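Colleague: Please take a close look at a single part of this model. I would like one connected account.

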Amino acid sequence: MRVLLIGANGFIGRYVADRLLADPAVQLTALGRGDDADVRFDLATGSPGALTRFLDAVHPGVVVNCAGATRGGARELTRHNTVAVAVVCEALRRSGCGARLVQIGCGSEYGPSQPGSSTPEDAVPRPGGPYGVSKLAATELVLGSGLDAVVLRVFSPAGPGTPAGSPLGRLAEAMRRAMQSGDGELKLGGLGVQRDFIDVRDVARAVHAASLSAAQGVINIGSGRAVRLRDAAAVLARVAGYGGALHELDAPPGPLRTALGHPRADADHAPPVAYPYPDGCGSWQQADVRTARDRLGWRPRINLEESLADIWMEAACRI
């Protein structure tokens with residue numbers, strides 16, 4: 001099976017590449033903006049015609065799109081998350097390869113949900129920020145393209161390689177700084193939010209399964225269990241061997257901030273209180289993952305403690 005992977009250098013894309021390369025039946029070609037891609041192509045600026053010519057030459061059976069942006073203004077997010085997907089869809093429609101498309105979506109497309117609930121795929125999306133809007137627009141383009149396509153809505157990916165700017169990445173960095181400087185307490189904010197964390201290696205397994213399946217439409221990829229960030233911090237402290245006290249700062253009124261940990265804070269130089277999830281999803285998010293189980297034969301295998309241990313192992317190397 002010939003697979004074209006777009007975005008192989010990203011957090012999720014790297015693990016998808018590893019998973020696909022481990023399948024001897026897969027012949028993988030990586031397309032991206034980096035020098036290490038098999039083919040250099042920028043979806044945000046490239047034309048559908050140019051991509052069509054490449055598709056006709058390579059003739060993949062599956063195209064996996066892991067490319068996209070998680071940060072930036074509305075214009076940048078739209079260019080990388082929506083316009084880029086429009087290019088992929090149009091190129092596939094023009095091409096004679098007939099490839100199946102596996103698009104990586106995100107849980108932010110749903111927006112806020114009711115605490116205690118599990119969000120199914122047929123929930124009405126109400127994204128609360130430009131990132132979720134840009135990803136939802138991409139999903140609608142895929143679903144309306146007429147292609148053989150599936151969108152995997154990945155909730156909160158974690159594990160080795162977690163970006164330092166992500167909530168769990170910032171949490172690990174704050175703890176690393178506290179341990180390095182010998183601080184006996186760590187002041188953190190925004191720990192009340194609850195998210196559905198899913199290990200990136202389990203996400204890669206889901207992408208592999210979706211590539212081989214005939215499933216179409218939207219499929220949630222998550223653990224099916226919301227975890228309070230406060231509890232994740234306690235687990236991280238245990239695996240890190242941090243014996244200090246964890247103090248949660250109350251969120252102030254007004255605009256939410258994005259910094260997470262501030263060791264050695266004092267009253268004269270009080271840090272901004274953290275709100276670690278400016279994703280427009282409010283205080284709670286939990287995926288209903290029954291569709292992934294039923295249509296892909298997929299279940300998560302890696303628990304959050306293992307994911308956090310791997311995140312800490314990378315952070316500890318910087319001590």
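Modeller: In helix 7, the buried residues are Leu-229, Ala-232, Ala-233, Val-235, Leu-236, Ala-237 and Ala-240. Buried means under 20% relative accessible area, exposed means over 50%, and partly exposed lies in between, with a 1.4 Å probe and protein chains only. Helices (H or I, at least four residues) and strands (E, at least two) are DSSP runs, numbered from the N terminus.

The model is predicted: local features need pLDDT of at least 70, side-chain atom pairs count only at pLDDT 80 or more, and totals for chains, interfaces and linings use all residues. Residues are numbered from 1 along each chain as its sequence is written, and side-chain values use heavy atoms, with hydrogens and water left out.

An α-helix has 3.6 residues a turn, so residues three or four places apart point the same way.

Next, the length of helix 7. Its 12 residues, 229-240, should span 16 Å at 1.5 Å a residue. The expected span is 1.5 Å times one less than the number of residues. The end C-alpha atoms of helix 7 are 16 Å apart, which agrees. Just after helix 7, Gly-241 takes a positive phi of about 75°.

What covers the buried residues of helix 7? The cover includes helix 5 (167-181) and helix 9 (304-316). It also includes strand 8 (185-189), strand 10 (197-199), strand 12 (227-228) and strand 13 (245-249). Contact here means heavy atoms within 4.5 Å.

Helix 5 deserves a look from its own side. The buried residues of helix 5 pack against helix 7, helix 9, strand 7 (156-158), strand 8, strand 10 and strand 13. Helix 5 is largely enclosed by the rest of the structure, because 11 of its 15 residues are buried. Among them are Arg-170, Glu-173 and Arg-176.

Just after helix 5, Gly-182 takes a positive phi of about 75°.

One backbone point lies elsewhere. Most residues other than glycine have a negative phi, and most peptide bonds are trans. His-59 is not a glycine, yet its phi is positive, about 55°. His-59 sits in the loop between helix 2 (48-58) and strand 4 (62-65). His-59 is partly exposed, with a relative accessible area of 41%.
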